[in-house]
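Subject: Structure handover

Hello,

Please find the structure below, followed by notes on what was found in it.

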Amino acid sequence: MILKKDYQGVKRLKPFTFKPLALETLLNSNKLTDYAKTWLKSETQGVSNYGYLNKPMDFLLSKSAKTEKTKKETGKIQYVLFLSPHNKVSKKTLCPWAEQNGCFLTCLAWSGQLGMEVADNAKIKRTILMIFHFEAFIQRIADELSFLHQKYKDLLIIRLNGTQDLFKQFKSIYEMFSFISFVEYSKGLAYFEKDKKLGLSNVTRVFSGSNANETVRNRTIKAIKDGHHVVIALNTKECKKEWKVSDQIRSKFMDADKHDDRSADTIKLKFLRMKGGKQSDRNNLEKSQDQDFFWTEKQALELAAIA
Ligand code: SF4
């Protein structure tokens, strides 16, 4: 898609609304899952979700606990687009590698504030709006980016793939806003090739490594060997009675939980701790050493040894 305006210069933004979508159209659509349709017919605290869908919004991009950490640690202002991941709302997946990586059930989308009802409804709303008003949706993101860049200049960092793993949909944004720094995570090596081919030097892409099976483990090793930024999610929250990240792991991987400005990283390999989930599940995984999206201590040490 081609963006229509010169987006350098949006000084004020008003709340926006897209052309209202008829409930019947949505319920008969083959683009939405049954989950999304049930949501549309339901209420949240006495307010119809369908009514909420068509109400004006202030912003598509938002902040999170992690963006606040980024601001505190680095002074950078980060905004993120959070959609409903994989095939939760959209029948066509928004995360092409989610099945292979086994990451959907433990996705960031369901943890902390992001997993709460208010934030979840907003993700669902944004996803439906993107599906049915794609052009207007992208134009609005462009307006927001222009506005935010006017305000924050080089302090601004954007993540369009907050809880989704898309490329084609955002390509025109990356190209038009070559003066904005984007930090994106992906489970697809193909996106790194696309960035290179298009010369998207404003995009810092981080490969999200997984140990769910040999295919994705080998892909993680390839991403490391190819010199990409790579992050792995560890099977620990470092709570009491859980394993702590050792110096051996830290000698190869930096702690990426402190903030999310990956564009300034001099160390390409990083680790995150698990955000949601139960401690008993983590302990069971440590005992079984099964393959999972999260890396056990032993598996992380093995990876550190070959990294
Ligand atoms: S690919 Fe990322 S955003 Fe999508 S389900 Fe997996 S962890 Fe969540």
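How do the residues of the shell around the ligand divide into nonpolar, polar and charged? They divide into eight nonpolar, three polar and two charged, where Ala, Val, Leu, Ile, Met, Phe, Trp, Tyr, Cys and Pro count as nonpolar, Asp, Glu, Lys and Arg as charged, and the others, Gly among them, as polar. The ligand is surrounded by 13 residues, a residue being near a molecule if its C-beta atom, placed from the backbone, lies within 6 Å of it. Pro-85, Cys-95, Ala-98, Cys-103 and Cys-107 are the closest.

Two points on reading this: the model is predicted, so local features need pLDDT of at least 70 and side-chain atom pairs count only at pLDDT 80 or more, while totals for chains, interfaces and linings use all residues. Residue numbers start from 1 along each chain as its sequence is written.

The sheet. Seven strands make an open, parallel sheet in the order E3-E4-E5-E6-E7-E9-E8. Strands (E, at least two residues) and helices (H or I, at least four) are DSSP runs, numbered from the N terminus, and two strands pair if DSSP finds at least two bridges between them. E3 (77-80) and E8 (254-255) are at the edges with a single partner strand each, so one side of each has no neighbour in the sheet.

E4 (residues 156-159) pairs with E5 (residues 181-186) in the parallel sense over two bridges; Ile-157 has Ser-181 in E5 as its bridge partner. E5 and E6 run parallel and are joined by five bridges, with Glu-184 partnered by Arg-205 in E6.

Strand E6 (residues 203-209) has seven of its seven residues buried, so it is largely enclosed by the rest of the structure. Buried means that 20 or more other C-beta atoms, placed from the backbone, lie within 10 Å of the residue's own; exposed means 12 or fewer, and partly exposed is in between. Val-203, Arg-205, Phe-207 and Gly-209 cover one side of E6, and Thr-204, Val-206 and Ser-208 the other.

Helix H4. In H4 (residues 65-74), the buried residues are Lys-66, Thr-67 and Thr-70. The face turned away from them carries exposed Ala-65, Glu-68 and Lys-72. Gly-75 follows H4 and has a positive phi, near 80°.

Regards
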